[in-house]
Amino acid sequence: MALLEIRNLHATVDDKPILNGLDLTIGGGEVHAIMGPNGSGKSTLSYVLSGRDGYEVTDGEVLFDGKNLLEMEADERAREGVFLAFQYPVEIPGVTSITFLRTAVNAVREHHGGSPFDAMDFVKYIREKAAGLNVSDDMLKRAVNTGFSGGEKKRMEILQMAALDPKLAILDETDSGLDIDALKVVADGVNAMRNEERGLLVITHYQRLLDYIVPDHVHVLAKGRIVKSGGKELAHELEESGYAEFLEDAA
Amino acid sequence: MPDGSGHMQPYLDQALEGASNLVGSGVDWIDALRRAGADAFGTHGLPKRRDEYWRYTNLNALADEAFRLANGAPAIGLPSLPHKLVAELATYRMVLVNGRLRPDLCALDGLPDDVLVSGLEDLMAAAPARLEPYLGRIIRLNEMPMAALNTAFLRDGLAMFVGDGIVLDKPVHLISITAPGDGPLMVQPRHLVVMGKGAGATLIETHVTAEGGSSFNNIVAELHLDDGAKLNHFVFQEEAEASVHLSGTAVAMGADTTYDSFVLQSGGAIGRSEIHAYLNGTGGDCRLDGVYLASGKQVVDNTTFVEHAAPGCRSRQVYKGVLDGQSRGVFQGKVHVLRDAQQTDGHQLSRALLLSPRAEIDARPELEIYADDVKCSHGATAGELDDDSLFYLLSRGIPREEARRMLIEAFLAEAIAEIPLEQVAEDFTTHVRQWLAQNVGNADGQG
């Protein structure tokens, strides 16, 4: 059984069709990249999968670990193991990062029958995860993403991913706003989490990120559908040729 | 509608009835003060919608119910207070039950020399001359009709004098318990605080209600800060559902004084905190902050008037509220900068979070500026929880109701973080959490 199976997915935003019959299957341990021009539906796909309000599925189905993902609320999907790394992580003044992380991790642990961390144990747990990502204690004490640089925000996203240990991680334009050094730190963090079970869906406009997080499969999304699939070399072809042919094809 | 004469008469009658038997009666200035209060209230009547400061809060409840002045303090014990850390804090404690001092519940041992904390009534009897320069001197009776009514009843309350240069080692905790019995019961407490030159103190007020019928608590506080004095003033207003809580405070600030006020209101059918601050000396610094929580059909009102009369003063106001159900919040704030008050730095901000489509906020921040070299700002926002923030928390597996509570607490935390006394800040936070646990649950839906 595949980890994620998307069949004939149609979705609208404000009654405007964005996804128009998308099919995609991701197996455990696989890294899939979705590339596409602006407006092709990349971010919509990430929000539909993570269950954001306002993204209406009008047809098709999504099975996650054999369960109907679309029937679950956003928070339940997350507890079941779907993680979205945001393109623009949200600043939440007044909530410290450590409290936020602990609340989230405990919600997921309790969902799976585990016992929640107390404050002391959690500090140990999160410090271990944070070390490799260059996330300082100071960042953990600050309010969530508040006043963080672009690089800090993305590192915090990856820390959340590491802490929550999802089955499927969706990375939405994780490279945007990062210089090459920050990109390497983030990519190393993601690569460290690759294993036999975990699925990764990397959504990006540019091929650059895929030099560091090397995918097993690359798909081209245009006008709300997968129009071409291939191996990692497809990313390089796209870098050369651009997306023009797909836009024309679809038009 | 309470439209003056008809409905105010029962209140005025009660004041006039008892006046000749009250302590201090026969002392000319006290008689004159009570009479001035009765006259001002008699002329004005109960506040009406056309009164500038009463546009959004109507007192029909006072017209509909025959509140009777409390007669003595019932022998109830000290209830366990909802805020634990402050309760455990070492303080000088004053306890009023139905406005009357309960010496058996007070704890004033170890007060420094030249500090007096006493019942107002006792001081009126023992040393009225000490009160004369202060009592009733800064309340503008014609601008505060309910304070005028309180003045007509002048007797109960707290008197506190802190001598020049003395900084109190412990906060003074004023616990005000209203025990309405079968009700409807009325209390008219009057507090006076006089801070000498360079004196410092913290005053914490707790307002709670014992079991019983409806009650009407009409409190007035007069605070005099001589040059260089500093007063921290924290108020927990947690009265019961059937309570009308009206509080009017006037603070006169000398040169280089600091007044730091924080009011938490979550109780009462009507809860109103009205603060008038007069910055009369250069270098004064006035902070008026508050947090309010309302549900059901509660009305919570914060009204402020800050008068910059002297140059080089600073005032800051931040009021934040959370309104659920059909509750209504009111913020009316006016910063009035007189012509000579150059280099005034005055800011005010009202922010309300509406958790239900039927909740409402009326916010009216106002600046009136006659000086030409000032830095002033005001603002008001009202809205729902931010969708992006909520989705961010949900996407991390945090259940919806918990996510909402976290965001609401975060919204209020910014204001509470400004409180300089840690125990008060923590108790405020605990109170907010308890309120959220009770009011923001599954039954509340999507808000």
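Student: How many bridges join strand β17 (residues 314-323) of chain B to β19(B)?

Tutor: The model is predicted: local features need pLDDT of at least 70, side-chain atom pairs count only at pLDDT 80 or more, and totals for chains, interfaces and linings use all residues. Residue numbers start from 1 along each chain as its sequence is written, while chains are lettered from A and ligands numbered from 1 in the order in which they are written. Strands (E, at least two residues) and helices (H or I, at least four) are DSSP runs numbered from the N terminus, and two strands pair if DSSP finds at least two bridges between them. β17(B) and β19(B) run parallel, and the number of bridges that join them is 10.

Student: Which are the edge strands of the open sheet in chain B?

Tutor: The sheet has 10 strands in the order β3-β2-β6-β9-β11-β13-β15-β17-β19-β21, with mixed pairing. An edge strand here pairs on one side only, and the two are β3 (100-101) and β21 of chain B.

Student: What is the count of buried residues in strand β21 (residues 374-383) of chain B?

Tutor: A residue is buried if 20 or more other C-beta atoms, placed from the backbone, lie within 10 Å of its own, exposed if 12 or fewer do, and partly exposed in between. β21(B) has 10 residues and is hardly covered. Helix α7 (residues 145-152) of chain B, by contrast, has 8 of its 8 residues buried. For β21(B) the count is 0.

Student: Which strands of the sheet does α10(B) touch?

Tutor: α9(B) lies across β15, β17 and β19 of chain B, at about 160° to β17(B). Angles run from 0 to 180 degrees between N-to-C directions, with axes fitted to C-alpha atoms, for helices over the stretch in contact. α10(B) makes about 25° with β15(B), and the strands of chain B touched by α10(B) are β9, β11, β13 and β15.

Student: Is Gln423(B) buried or partly exposed?

Tutor: Gln423(B) belongs to α10(B). Contact means C-beta atoms, placed from the backbone, within 7 Å; leaving aside neighbours within four places in sequence, Gln423(B) has such contacts with Leu85(B), Val86(B) and Leu89(B). Gln423(B) has 19 C-beta neighbours inside 10 Å, so it counts as partly exposed.

Student: Which strands of chain A stand at the edges of its open sheet?

Tutor: This sheet of 4 strands has the order β2-β1-β4-β5 in chain A, with antiparallel pairing. In the pairing of β4(A) with β5(A), which rests on 2 bridges, Leu63(A) is the partner of Asn68(A). Each edge strand has a single partner, so one side is left without a neighbour; these strands of chain A are β2 (16-26) and β5 (67-68).

Student: How many residues does chain B give to the contact with chain A?

Tutor: Chain A gives 18 residues. Elements giving two or more of them include α2 (74-80) and α3 (97-111) of chain A. The count for chain B is 17.

Conventions
Two residues are in contact if their C-beta atoms, placed from the backbone, lie within 7 Å.
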